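Colleague: Before I rely on any of the labels attached to this model, I would like to hear what each of them rests on. Could we go through them one at a time?

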Amino acid sequence: MVDQEKFATEDLDIAALRVEYGVDQGDNHPGRETDLDETWLTDGWEPLLRNWIEDATGAGLTDPNSMVLSTVELTESGPKPSSRTVLCKGLSPEGVTFYTNYESFKGRQLTETPYASATFVWQAMGRQVTVRGPVHRVPVEATEVYWQSRPRGSRLGAWASEQSRPIASRADLDRQMDLTSDRFAEVADIPVPPFWGGFQIQPESVEFWQGRRSRMHNRIKVTLEPGNTDVSAMKIERLQP
């Protein structure tokens, strides 16, 4: 039985939970960094995003390349947004790439409505970045290159899981994995499933956020034409927090 007392939160005042960003708490605290400035984007949005991911990696943050991906489902009652965390597996001036089952909930949403928003959050560093724009599937060749970097277990998992579909129990899920392992037991190089591959978000806007005292955060937005990687074509503007 679950010990319900462990989950008792009657005494927790959620509204009072608060972090003061930018407070000086030591040489390695992000509060000591200089304020986010428009000049940081002179070379484009991608170098700064890559730099921030590298900083998060160096700080030992878990899954520094994780991002909250938001998609839209079109229904008779109107559009319904959906969000989940995925891993960024490709970053270039052309966009942000991630991989998934094309028949999953998000895969079907992106096929029907090829537009998405993805937010990288590094709370411990007081930073986040949001990328928004149209989405397209990456070439089969690009998926194959990434697939070759995946561990065998991850490849088996991609074949075993009918992602987003209901299943009766954990035991049934484990059974599917066992059956898949048996299926490919004699296969050294497990192939890419035909229903699996990459999506790339081509940014039409990228917003960089840096936490500061009294909620007077730094926000700088880059606006682009999707597919146009010319830095001179960017529009850079500071937004009020």
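Colleague: Which residues of helix α2 (residues 105–112) are buried?

Modeller: In α2 the buried residues are Lys106, Gly107, Gln109 and Leu110, where buried means under 20% relative accessible area, exposed over 50% and partly exposed in between, with a 1.4 Å probe and protein chains only. This is a predicted model, in which local features need pLDDT of at least 70 and side-chain atom pairs count only at pLDDT 80 or more, while totals for chains, interfaces and linings use all residues. Residues are numbered from 1 along each chain as its sequence is written, and side-chain values use heavy atoms, with hydrogens and water left out.

Colleague: What makes β1 and β2 a pair of strands?

Modeller: Two strands pair if DSSP finds at least two bridges between them, and 10 bridges join β1 (residues 66–75) to β2 (residues 78–87), which run antiparallel. Within this pairing, Thr71 has Ser82 as its bridge partner in β2, and the two strands form a hairpin with two residues between them. β1 also pairs with β5 (residues 115–122), again in the antiparallel sense, over three bridges, with Val68 standing opposite Thr119 in β5.

Colleague: Why is the link between Asp35 and Arg212 called a salt bridge?

Modeller: A salt bridge is a side-chain nitrogen of Lys or Arg within 4 Å of a carboxyl oxygen of Asp or Glu, and the closest N and O atoms of Asp35 and Arg212 are 2.6 Å apart. Asp35 lies in the segment before α1 (45–58) and Arg212 in the loop between β8 (205–210) and β9 (218–223), so the pair ties together parts that are 177 residues apart in sequence. Asp35 is partly exposed at 45% relative accessibility, whereas Arg212, at 11%, is buried. The structure holds nine salt bridges.

Colleague: What makes Glu38 and Arg238 a salt bridge?

Modeller: Their side chains meet with 3.3 Å from N to O. This pair, too, links distant parts of the chain, with Glu38 in the segment before α1 and Arg238 in strand β10 (residues 235–239), 200 residues apart. Glu38 has a relative accessible area of 29%, which makes it partly exposed, and Arg238 is partly exposed at 38%.

Colleague: How far apart in helix α5 (residues 170–183) are Arg170 and Asp174?

Modeller: Arg170 and Asp174 are four residues apart in α5, and so are separated by about one helical turn; the closest N and O atoms of their salt bridge are 3.0 Å apart. Arg170 counts as exposed at 60% relative accessibility, while Asp174, at 33%, counts as partly exposed.

Colleague: What makes the phi of Asp63 worth a remark?

Modeller: Most residues other than glycine have a negative phi. The phi of Asp63 is near 45°, a positive value in a residue other than glycine; Asp63 is found in the loop between α1 and β1 and is partly exposed at 42%. Arg215 is not a glycine either, yet has a positive phi of about 60°; its place is in the loop between β8 and β9, and at 37% relative accessible area Arg215 is partly exposed.
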